[in-house]
Amino acid sequence: MATRGSRSEKVKRIFQQFDTNRDGGLNRDEMAALVVAVNPRVKFSDEQINAILDEVFRTYGEFIDGEKGLTYDGLLRTYDDGAGDVDRDFDALGLELNFDENKGASIVSEASSSSIADERVIESQKKQRTAAWAVSPHHGIVFDDTWKLVDDLEILLKRLKAKQAKDAKFRNDNFDAYSDAGWSRELGASAELSEKRVYWEESGPDYALFVKELGALRSRADGARSREEAFDGHMAIGRVLYEHQLFKEALICFKRSCELQPMDVRPHFRAGNCLYVLGKSKEAKEEFLLALESAEAGGNQWGYLLPQIYVNLGIALEGEGMVLSACEYYREAAILCPTHYRALKLLGSALFGVGEYRAAVKALEEAIFMKPDYADAHCDLASALHGMGEDERAIEVFQKAIDLKPGHVDALYNLGGLYMDLGRFQRASEMYTRVLAVWPNHWRAQLNKAVSLLGAGETEEAKKALKEALKMTNRVELHDAIYHLKQLQKKKVKTNGGTNGEAAFVIMDPSKFKTVGEKTTLRQDLGNALQIRAFQRLTRLNRCEVDLLKKEMNETDVPVSYSGSGGPQKSIRKPNLEEVLRKLLNFLKPETFQGAVKAINEKILSVLDETGSGRVDLGMFYAVLAPLCSGPPDKRKRIAFDALLWRPVNEGGSHIRKVDAVQYIKLLRA
């Protein structure tokens, strides 16, 4: 983890490199040189450079020193806001740190027991401090006694780590292989959690002793002279615990900080981060909403944090399966901070998740333009291109992601899927083999490897791969694949005179077939019926009682608005509609609900929102949904009729206009 010391030192070196006239500010020419130098692969036009500079000088106006330009503090803030990656830029410029000045970035040794530290020791420790946040002017440590708490906590952690390492209980899992969620873990800073996820052994006596001693530190924080100092203490303890990935313990500190200063943004934000990492998306969302409320109430004081809150709120909503709502917050973050490439990447990935491929490609290309070595954005861009049918370009972009990050599991796995779709089974099996080299117990890759080997005609190898997959998991998908293999084997044995089992068929008695007449269903109608049934199964609407729809209509109060067509409408934005769907399909897990929303967005919402305004006529939406829900046919027809009556143009009457009925039938067909 880059320390705050080394991080600010890097920014200072970058600043000095480009402050050619040594006036303590970066003017437009100097800033332009910096932008070009840290993006060597990008060929900027003059318009693009000017647009970037206008944005920086406008957003960071408070850090502009007249003609001199952007100050060092301003440049540091741009990095803190996630507008750039300090380490990447520093390396791109080929700069080096002076390690004599920076020697003190390591953790203070156990010998310097903080209980008896005097002012001089505290001052020197502040300069040498451990983590990026501690001396930051916005959210660092304020009181001297808090430093003592932090030092004592570092000693406890060192002791616990040593004991657990000795007993081989301390586990590191390499998370480098997966796509990064784009999580803004720092308040403002773009620093990430360590690449390696750490798992502590929580059941032994060592850990119990640590928790007891930690309780004593918390009591010391509570016994501070003022409420502000207690807040400072709990926040600092929470931050250190969070850095060491002791999220449950950190959460207790941040919750206590929330009690001490309920209107402060920081503890809510940090509590939300902890809850999300602990897998509690719903509670994380609540904390981020409280942080957002506090930030908006606090005026400009917290303005620079808003993009980070929006991003993490979006990620928490995605954890609940609410992807359309997440898109809104990613958009807000990108509007507030146009250089926030993570927000754009997340927006692109979320749009891909709801089937809006064209918009996804646009957002992801923007993110890559700002950060050309962003492997995760390349991976998602390739998936979106595949969704649009641009397969050859998708292969190139997947390959680019793999070149940037050779062990990128998502890129390798998805490229394997693309090769399978194209019938290039040999290449697909190679990709799945590479996935398994990085992540040996990836059962889906093992199963797909078996299927691709089968497609390539290597039956024996496919059998071996399937057996390996069975050792990993006992899921139903594997048994389906094995059954399919057995059927193929049987067909090879029982051929009806054909070669290689290709001509295996069953002879049926012609009398079993009906002849086409007035009573038989037309082929087109049969096809439609099968498609509707598949759609119901995919969205799980066949498990949603139509009465729930009626209840939702009665309870939802939607204001009447006037659309471009001039008629009054009860229209609703897509993210709000997603909340209605969540109530109707509350029995679904987040990932299944996300799949249902994608299907509904592609099949229904895209048709209802012809103009692309992002708003949908709610009455018409209910009327289209009613026949797809479960319940007696008469009741479903009645509720569809009621939904059309519920629209403002028909409200209060008992008849619907012919034009609405015709439009409804057209929409159903579409």
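User: How many salt bridges does a search of the whole structure find?

Analyst: The search finds 33 salt bridges, a salt bridge being a side-chain nitrogen of Lys or Arg within 4 Å of a carboxyl oxygen of Asp or Glu. This is a predicted model, in which local features need pLDDT of at least 70 and side-chain atom pairs count only at pLDDT 80 or more, while totals for chains, interfaces and linings use all residues. Residues are numbered from 1 along each chain as its sequence is written, and side-chain values use heavy atoms, with hydrogens and water left out.

User: What makes the meeting of the Asp145 and Lys148 side chains a salt bridge?

Analyst: The N to O distance between Asp145 and Lys148 is 3.2 Å, and the definition asks for a nitrogen within 4 Å of a carboxyl oxygen, so the pair qualifies. Both residues lie in helix α8 (residues 144-166), 3 residues apart, about one turn of the helix; helices here are DSSP runs of H or I with at least four residues, strands are runs of E with at least two, and both are numbered from the N terminus.

User: Why are α28 and α29 called oblique to each other?

Analyst: The axes of α28 (residues 590-608) and α29 (residues 618-625) come within 10 Å and cross at roughly 140 degrees, where axes are lines fitted to C-alpha atoms over the stretch in contact and angles run from 0 to 180 degrees between N-to-C directions. Angles under 35 degrees count as roughly parallel, over 145 as roughly antiparallel, 65 to 115 as roughly perpendicular and the rest as oblique, and α28 and α29 are therefore oblique.

User: Which residues make that contact of α28 and α29, and how do they divide by class?

Analyst: Ile600, Ile604, Leu605 and Leu608 of α28 meet Met620, Phe621, Val624 and Leu625 of α29, contact meaning heavy atoms within 4.5 Å. These divide into 8 nonpolar, no polar and no charged residues, with Ala, Val, Leu, Ile, Met, Phe, Trp, Tyr, Cys and Pro counted as nonpolar, Asp, Glu, Lys and Arg as charged, and the others, Gly among them, as polar.

User: What makes α26 roughly parallel to α30?

Analyst: The axes of α26 (residues 546-555) and α30 (residues 633-646) come within 10 Å and cross at roughly 20 degrees, and that crossing makes α26 roughly parallel to α30. Val546, Asp547, Leu549, Lys550 and Met553 in α26 meet Lys635, Arg636, Ile639, Asp642, Ala643 and Trp646 in α30, and by class this contact has 6 nonpolar, no polar and 5 charged residues.
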